[in-house]
Amino acid sequence: MAASVREKQAVALKRMLNFNTPPLKNTTTEPVWKVLIYDRFGQDIISPLLSVKELRDMGITLHLLLHSDRDPIPDVPTVYFIMPTEENIDRICQDLRNQLYESYYLNFISAISRSKLEDIASAALAANAVSQVTKVFDQYLNFITLEDDMFILCHQNKEVISYHAINRADIQDTDMESIMDSIVDSLFCFFVTLGAVPIIRCPRGNAAEMVAVKLDKKLRENLRDARNSLFTGDSLSAGQFSFQRPLFVLADRNVDLATPLHHTWTYQALIHDVLDFHLNRVTLEEGLGAELQTGARPKKKSRKMYDLTGADKFWQKHKGSPFPEVAESVQEELDSYRAQEDEVKRLKSIMGLEGEDEGAISMLSDNTAKLTSAVSSLPELLEKKRLIDLHTNVATAVLDHIKSRKLDVYFEFEEKLMGKSTLDKSLLDVISDPDAGMPEDKMRLFLIFYITAQQPPSELDFEQYKKALLDAGCDLSPLNYIRQWKAFTKIASTPANYGGSGVKPMGLFSRVMNTGSQFVMEGVKNLVLKQHNLPVTRILDNLMEMKSHPETDDYRYFDPKMRGSESSIPRNKNPFQEAIVFVVGGGNYIEYQNLVDYTKSKQGKKVIYGCSELFNAAQFIKQLSQLGQK
Amino acid sequence: MAADITLLFKASVKTVKTRNKAIGIGFDSTKEDILKRGRKKSGFSQKAKEVITNITKLKDFLLLHRKDYVSAGSLISSELSRMTDNERDQIDQDAQIFMRTCAEAIKQLRNEVEKQVMSAQVKEHRGAVLDLIEVYLKGVCKLYSEQRAIRVKRMFEQENQRLISEMNSLVDEVRQIEGKVVEISRLQEIFSEKVLQQETEIDSIHQLVVGATENVKEGNEDIREAIKNNAGFRVWILFFLVMCSFSLLFLDWYDS
């Protein structure tokens with residue numbers, strides 16, 4: 001796995017856009033123009049990886065949605081990138097009949113069935129367009145890569161495979177089967193793109209096990225058919241630089257329900273929690289203040305969208321840093337940018353003096369070199385300015401939310417709850433505090449308390465809490481579900497231990513920066529995150545290092561390459577170097593960040609995090625309340 | 001890794017065909033297909049493709065002659081690969097004209113696109129196609145300008161070299177002259193020494209000469225006197241002789 005998943009997927013996409021031939025390195029090759037047609041799934045896959053400019057550079061003149069009105073454009077080859085669903089196939093047949101384009105390159109995101117292929121064939125025959133269908137490919141790209149080491153399964157229609165869908169009480173077997181099939185299909189595509197056959201470990205008795213069984217079966221079938229196997233060929237040779245196979249750990253969301261509800265303090269997780277953040281794009285509404293006031297005077301809101309990409313060095317460096325560090329770093333970047341700007345201005349003024357001052361002429365010669373370097377670095381400077389502005393806006397928005405909802409208080413409290421250290425304020429106080437946070441924050445806090453408590457609170461206390469919550473305006477249905485869940489998990493296994501963690505407040509910061517700064521963090525405590533392992537990270541650690549632990553000892557073991565049925569005895573005694581963690585039922589950035597920190601502390605290990613969907617706490621609460629209302 | 005299922009698709013097409021034949025549904029023969037193909041080749045795409053082929057020709061031309069142009073070869077380059085500056089200028093000119101025509105063609109196509117009435121998508125597509133062609137042209141122009149920059153740099157370097165060698169020769173000459181001047185001054189010193197020496201001698205000579213002139217003057221005087229005396233003496237001798245002769249004559253007469 002020398003190249004990250006993101007690079008592999010991007011390379012696969014670029015290949016596809018180049019008519020499935022590897023793109024040449026030479027920059028001055030003849031432009032070949034083409035039109036890209038995608039459906040919403042394709043759009044979600046492409047948008048985090050390739051920007052519009054990159055698409056243009058590859059010769060794509062137009063990119064359109066499949067189900068939009070499209071005019072015929074003569075003499076243009078078209079690349080389709082779509083899921084093989086009924087409506088899409090119908091639309092393709094319609095396009096063929098209407099003779100919209102000159103030649104068609106059909107690329108299906110996941111494998112298309114034989115019958116649907118025949119549908120297209122008959123439509124092509126009817127339209128006399130068989131020769132126009134130049135190539136048909138199964139791309140096996142049915143997953144969305146958000147970061148170098150993070151992927152999710154889908155963004156559109158994620159209700160179909162959400163936590164709610166999997167865990168609801170009235171689920172039918174057929175529904176479950178179809179959900180599992182779609183998850184397995186995406187995971188299969190993921191491993192095909194990665195080019196490696198993993199060793200699968202999963203817990204017993206839940207959705208994760210079902211996924212593991214199906215995935216193992218699918219991989220086995222594909223490997224057995226040696227001629228058509230997708231795992232032979234040059235993709236595997238790249239993967240063979242690492243002699244070990246990766247470890248694939250399947251976890252179910254139910255093993256840890258506190259983390260999705262947790263308030264967070266790292267930059268990326270905060271953005272996801274507090275702002276509108278999808279597929280690496282943040283949407284900010286200007287005039288933010290109006291949102292949080294209850295008697296809102298409608299200000300004119302303009303929406304701004306920012307993309308947080310891999311090319312943004314500041315983002316890559318600081319997306320896992322605690323928020324105060326981020327604020328400081330933005331300030332530093334701004335200062336260094338200003339210094340560079342001044343340098344350029346100074347050169348400009350020196351150049352301006354050229355005719356008047358002979359003394360300047362002697363300095364000219366080495367200023368020429370400086371000038372050339374300054375001119376060539378101008379685009380970089382502008383880009384840097386743009387990024388600094390972006391992060392300033394985003395961080396300011398986040399800070400506004402933190403201050404108005406007092407998220408630092410919640411964070412500290414939850415950390416203490418999860419670390420089972422002593423609380424200096426009672427829970428009731430925090431819940432009844434009217435200006436600390438929205439009702440949803442209080443609900444989250446209480447749920448975490450309930451989940452992490454060794455014994456459930458007495459009836460009296462419970463009624464008190466319920467009353468306080470109702471006063472604060474919370475909806476109590478998630479609570480019902482969590483009680484059920486807690487009862488169930490108590491029977492099944494010991495409650496999850498969140499590890500000994502502690503949070504040391506670094507004292508109050510009255511002013512973090514000097515007066516030139518925009519971030520005044522008065523009253524916001526600067527909290528330092530101590531390294532602690534969330535349950536998922538701990539499970540991964542046990543399995544990767546082959547440690548024995550009651551939690552993971554009875555995990556099942558699957559090896560698709562092994563002939564015969566799977567054995568539950570791990571054959572491999574060495575610790576794994578690479579691992580992929582997948583959470584069935586949804587995940588979030590806090591877990592991802594925890595895994596990243598864990599990987600950083602271990603040398604030479606690579607961990608990829610995946611989940612069936614990505615939700616922030618608000619969305620998760622909504623799902624829980626839906627479940628609790630049954 | 002993607003799976004190429006084109007063959008599978010073609011097989012499906014055959015299956016469907018045979019199935020349709022079996023059921024008895026006939027479709028239009030494929031002959032119309034070929035006729036239909038030619039129909040939609042619009043003028044735009046042909047022209048656009050032409051422009052691209054032209055630019056590619058230019059690029060190939062430039063790349064072909066690049067080595068000679070830059071003459072990056074060794075010091076001992078053969079006569080064949082050496083290009084005269086005239087040829088280089090010619091290439092420059094041709095390339096520039098070519099690039100200008102291509103840019104004109106692109107602009108023309110753009111105007112056409114503006115004027116023609118067509119759907120928004122097609123317009124956008126054509127605009128983007130023209131952008132791509134422009135970018136390509138810019139890339140090729142960059143090739144050319146890089147080449148030219150190298151050449152101009154090379155030329156300046158050559159000029160530099162020439163100036164340096166000229167300066168060097170001047171410096172040599174000046175040094176030589178300097179040496180000579182130094183020698184001259186040395187000689188001059190010797191001369192002046194000698195001259196000073198000779199001054200005393202000349203002074204004495206001068207004295208002598210003055211004395212001699214005096215002497216000669218006196219001598220002249222004496223000689224004048226002597227001549228005068230001589231003349232006077234002669235006169236007395238003459239008188240005596242004449243007297244003697246007269247006395248003789250008297251005596252002779254007396255005696256008779």
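In what follows, Ala, Val, Leu, Ile, Met, Phe, Trp, Tyr, Cys and Pro count as nonpolar, Asp, Glu, Lys and Arg as charged, and the others, Gly among them, as polar. The structure is a predicted model, in which local features need pLDDT of at least 70 and side-chain atom pairs count only at pLDDT 80 or more, while totals for chains, interfaces and linings use all residues. Residues are numbered from 1 along each chain as its sequence is written, chains are lettered from A and ligands numbered from 1 in the order in which they are written, and side-chain values use heavy atoms, with hydrogens and water left out.

Rolling a probe the size of a water molecule over the atoms shows where empty space is left. A cavity is here a set of points, on a 1 Å grid over the protein atoms alone, where a 1.4 Å probe fits but cannot get out, and its lining residues have an atom within 4 Å of a point. Grid points are joined across faces, edges and corners, and a volume is the space filled by probe spheres set on the points. A search of the whole structure on these terms finds five cavities of 30 Å³ or more. The largest cavity holds about 80 Å³ of space, and its lining is formed by A:Leu146, A:Ile152, A:His155, A:Lys158, A:His272, A:Phe277, A:His278, A:Leu279, A:Tyr589 and A:Leu614. Sorted by class, this lining comprises six nonpolar, three polar and one charged residues.

The second largest cavity holds about 60 Å³ of space. Of the 13 residues that line this second cavity, A:Ala269, A:His272, A:Asp273, A:Asn588 and A:Ile590 are the closest to its centre. Helices (H or I, at least four residues) and strands (E, at least two) are DSSP runs, numbered from the N terminus, and the elements that give two or more residues to the lining of the second largest cavity are helix H10 (267-274) and helix H22 (589-601) of chain A. H10(A) gives the most to this lining, with three residues, and by class the lining of the second largest cavity has six nonpolar, five polar and two charged residues.

A pair of aromatic rings is described by the distance of the centres and the angle of the planes. Rings of Phe, Tyr and Trp (its six-membered ring) pair if their centres lie within 6.5 Å, and planes under 30 degrees apart count as stacked, over 60 as edge-to-face and the rest as tilted. By this rule, 30 aromatic pairs are counted over all chains. In one of them, the rings of A:Phe277 and A:Trp315 are edge-to-face, because their centres are 6.4 Å apart and their planes lie at 75°. This pair links distant parts of the chain, with A:Phe277 in strand E10 (residues 276-278) of chain A and A:Trp315 in helix H12 (residues 313-318) of chain A, 38 residues apart. Buried means under 20% relative accessible area, exposed over 50%, and partly exposed in between (1.4 Å probe, protein chains only); A:Phe277 is buried at 4% relative accessibility, and A:Trp315 is buried with a relative accessible area of 1%. The rings of A:Phe446 and A:Tyr450, by contrast, form a tilted pair, because their centres are 6.4 Å apart and their planes are at 40°. These two residues, A:Phe446 and A:Tyr450, are separated by about one helical turn, being four residues apart in helix H18 (residues 439-452) of chain A, and both are buried. Ring pairs also link A:Tyr267, A:Phe277, A:Trp315, A:Phe323, A:Tyr589, A:Tyr592 and A:Tyr609 into a cluster.

A charge sits over a ring if NZ of Lys or CZ of Arg is within 6 Å of the ring centre and within 35 degrees of the ring normal. The charged end of A:Lys486 sits over the ring of A:Tyr450, 5.9 Å from its centre, and A:Lys34 lies over the face of A:Phe19, at 5.1 Å from the ring centre.

Most residues other than glycine have a negative phi, and most peptide bonds are trans. A:Leu279, a residue other than glycine, has a positive phi near 45°; A:Leu279 is placed in the loop between E10 and strand E11 (281-285) of chain A and counts as buried at 16% relative accessibility.

Chain B has five helices and one strand, and buried residues make up 20% of its 256 residues.

Note on methods:
1 Å grid on protein atoms, 1.4 Å probe; cavity = no way out; pocket = protein on both sides within 12 Å on 5 of 7 lines; lining within 4 Å.
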